[in-house]
Amino acid sequence: MMNFHSHQNQLVATAVGASVATACLISAYSAYSRRERRKQLTEEISRSLSTHKSSLDVNSYTSNTSTPPTTYQSDEFSGKYDEELIREQLARNYAFFGDDGMDKVRRGKVVVVGCGGVGSWAAVMLVRSGISRIRLVDFDYVTLSSLNRHATATLTDVGTPKVRCIERILKKISRWVEVDARVDIWRKEEGGDLLEGADWVIDAIDNITTKVDLLKYCHDHKIKVFSSMGAGAKCDPTRIQISDISSTIYDPLARSVRRRLRSQGVSSGIPVVYSTEVPGDVKLLPLPEEEFQKGAVKELGVFDDFRVRILPVLGPLPSIFGLYVATYILCELAGKPILNPLPIKNRKKLYERLLRDLLHREMKLTGETIKSVVQTSPALLILTACNTSKLPIDEDDVSLIFEDVHRGRSVIPPHNVPSRPVLVRWDIVKPLTVDNCVVMEFGEAEKHYKESGSREDPLKRPEDIWSCEVKHVVNRRAEELRREREWVM
């Protein structure tokens, strides 16, 4: 038993008590200091907000937009922001990426081209996560219809540039951020001006021609770029994917972008976010009849090739796209890249076999030597002759026809999943196209070709071989394809 009357034990007890008291005092002082700093920050923010104008001068945004400001300090806050407060605001990010990773994030510069539903959400989350320099590029203005998907726009922002309303919110979120807001459109002729100094570029452009030009420019100039594909007319968040542009499937916008880039010598090396969901049964919002009477509808656009009619958009989808983009770029900047994105179902060998079989059947039907449009593997390599023609369907079309149009089932009732699927030209008199190509079981395909005859001497119409019911199914799915192509055009 301890002898408390011992002089030595009394000294130990006194030392322990003094240590506890000192620790309590230090802890209390630290808590008091934090409360005082937070109180001072709150008072400063309150004073700034009380002097901030509640309404925005639209005219000031439209003048001299070609000459951006040279400094981007917030008017709401003055003075240097305390580093300790910055680290406290970004504490969760520091815990995740560590000091070295966050140092890289905070030194990074990102350019967002296109500040609508996708770009605005990406910009907000990048700044919330520590990005200190960001350039926003968009020529468009906030409308009432923007409010269902834009990250920062409110009713008071209607009629103002999208980049300005994002800039205002970013400076409320981050006291130290430098925002360069450009009310402008990116053009390939002046491409380097808006992308100067960028560690990453975010492509959130709606227009396919400008999108391809931007991606090509970044690829050629070794500028890292992340592209957002189509979020319109879709509602299934479980179908959203990140992949290289070369691995995208089903998405009609991604398909068009990929083909245009490939024709310009860019086949891979660009990460994208896209959805494998085929657009549902929704339509472009109609234009008033009087607009058609004025002349060609496409001439109503503000710029050439920009969509005039309104695409239906479910607000959460573009925001998810933007969050995917921001997450990917933050991880890349911090040195913790996403190494193995979860792959979607991609039955490449099946598509190659379906394309090869279709190729052989078409050569037999036409009596010509044909090669595939894109020879993606040795299995598809066909020796060519002088009269060689090209198959108007490639592997991308095969996946679209088999998976999305016909849902991996035979077009012939009862629409079973074929054990040996085959792609068949539905009407042998008409050219082979994606909407004149259907899925059948091997035995059904043999019957179809045998009873159809040849192009020069057709024996039966396809509806006479099968039924009018099957014809209606084929026509309905051809209409689905037509609507899908409408999203891209």
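How many aromatic pairs does a search of the whole structure find? The search finds five. Rings of Phe, Tyr and Trp (its six-membered ring) pair if their centres lie within 6.5 Å; planes under 30 degrees apart count as stacked, over 60 as edge-to-face and the rest as tilted.

This is a predicted model, in which local features need pLDDT of at least 70 and side-chain atom pairs count only at pLDDT 80 or more, while totals for chains, interfaces and linings use all residues. Residues are numbered from 1 along each chain as its sequence is written, and side-chain values use heavy atoms, with hydrogens and water left out.

| Pair | Centre to centre | Angle between planes |
|---|---|---|
| Phe-226 and Tyr-328 | 4.9 Å | 55 degrees |

Tyr-81 lies in the loop between helix H2 (58-62) and helix H3 (83-89), and Trp-176 in the loop between helix H6 (162-173) and strand S3 (178-182), 95 residues apart. Helices (H or I, at least four residues) and strands (E, at least two) are DSSP runs, numbered from the N terminus. Tyr-81 is buried at 10% relative accessible area, and Trp-176 is buried at 14%. Buried means under 20%, exposed over 50% and partly exposed in between (1.4 Å probe, protein chains only).

The pair of Phe-226 and Tyr-328 is tilted. Phe-226 belongs to strand S5 (residues 225-228) and Tyr-328 to helix H11 (residues 316-333), so this pair ties together parts 102 residues apart in sequence. Ring pairs also link Trp-200, Phe-226 and Tyr-328 into a cluster.
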